[in-house]
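Hello,

Here is the structure for you to look over.

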Amino acid sequence: MSGISTITLTDAQIKEIDYADCFYRSIDLERFALIHEQDLLNNRTNLLSTLIIVPNQSRFHDLKRVSINKKVNADQSNTRLKYVHELKYPPDRVKDKLYYNRASYKRQSIFYGGFGEFQALFENPPEQGDLYTISTWHQKENTELSFTAIFQDEIVQQNTDLYKNEWLAYKELISKHKEKTRAALEKLFSLIAFFFTRPVEQAKRIEYIYSAHLANKIFNMNCDPKIEAIEYPSVPMRYAAINLAILPSAFDAKFEFSNAKEFILLNDPKGKHQWSSARTGEANGHFHGELLWVS
């Protein structure tokens, strides 16, 4: 993060950041996305030509992911999943069905995971009667994941202490700049966080195009090592938990299957997140990719 204190911005960059911050916080983001979708996808409308990130490398504790069985099965049946690869990121055969998500475009597969079974349910909630599978993935020994963390916004800090130390370090480094540059950098980092941490209604999922656009720019930035994952606060959990969006190639190279637990959702009080489930099976291993279930 220390590189923040040495960043320089031109007057033109500062002007663009000021304009972007004012513009995107004031418009109807759904309407703008519907009109300019292709322009955004093809970089004819550039969300931010100045994009600054803080690269990190680290190891992570076991990641959790929820798979709704009927959404994974080729025949959409509410039946048990059989293979390890079905529990990862969406496979090629369903790519045409993928829509915009927090860090991915249409038809783009990304591994989304978090830390803890309860958080995983918040991110991908099943419906009553659904079979769902919570898988656990362990980071391989002697590997580090190259990532950037997005948290630099006052609203995030007001709702969680997960990034308390990182926030204090960020504020200290940003304060070393002269007022004009400092204000512009704060607006830039805050606007990036705004797109990654704002709630998006199910009916307006095209609004994910903004964070997906930034995510793809981040994944393609000229960094050494290349960014493989983006860490950001969980919106459904009001920033009280952390998500990771990981490129499939990096996930395959650096994570391995640990176990899976299958459940059926018995009760789903809509909007209250008070799920009642029964475990229907557990798999602690696999044979050549086929899950070894114990019912």
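E262 and R80 form a salt bridge, with their closest N and O atoms 2.9 Å apart. A salt bridge here is a side-chain nitrogen of Lys or Arg within 4 Å of a carboxyl oxygen of Asp or Glu. E262 sits in strand β8 (residues 255–267) and R80 in the loop between α3 and β3 (111–114), so the bridge ties together parts 182 residues apart in sequence. Helices (H or I, at least four residues) and strands (E, at least two) are DSSP runs, numbered from the N terminus. E262 is buried, at 2% relative accessibility. R80 is partly exposed, at 25%. The cut-offs: buried is under 20% relative accessible area, exposed is over 50%, and partly exposed is in between (1.4 Å probe, protein chains only).

Before you read on: this is a predicted model, where local features need pLDDT of at least 70, side-chain atom pairs count only at pLDDT 80 or more, and totals for chains, interfaces and linings use all residues. Residues are numbered from 1 along each chain as its sequence is written, and side-chain values use heavy atoms, with hydrogens and water left out.

Back to the salt bridges. The count comes to 19. K70 and D130 make one of them, at 2.9 Å from N to O. K70 belongs to helix α3 (residues 69–72), while D130 is in the loop between α4 (117–123) and β4 (131–139); the two are 60 residues apart. K70 is partly exposed at 27% relative accessibility. D130 is buried at 5%.

K254 pairs with E228, again in a salt bridge, and the closest N and O atoms are 2.9 Å apart. K254 is in helix α9 (residues 248–254). E228 is in the loop between α8 and β6 (229–233), 26 residues away. Both count as buried: K254 at 16% relative accessibility, E228 at 17%.

There is also a salt-bridge network. It links E154, K171, E179, R182 and E186.

Now the helices. The axes of α2 (residues 29–41) and α8 (residues 209–219) come within 10 Å and cross at roughly 30°. Axes are lines fitted to C-alpha atoms, for helices over the stretch in contact, with angles from 0 to 180 degrees between N-to-C directions. From α2, the contact uses L29, F32, A33, E37, L40 and L41; from α8, I209, Y210 and H213. Contact means heavy atoms within 4.5 Å. The contact residues divide into seven nonpolar, one polar and one charged. Nonpolar covers Ala, Val, Leu, Ile, Met, Phe, Trp, Tyr, Cys and Pro; charged covers Asp, Glu, Lys and Arg; the others, Gly among them, are polar.

Best wishes
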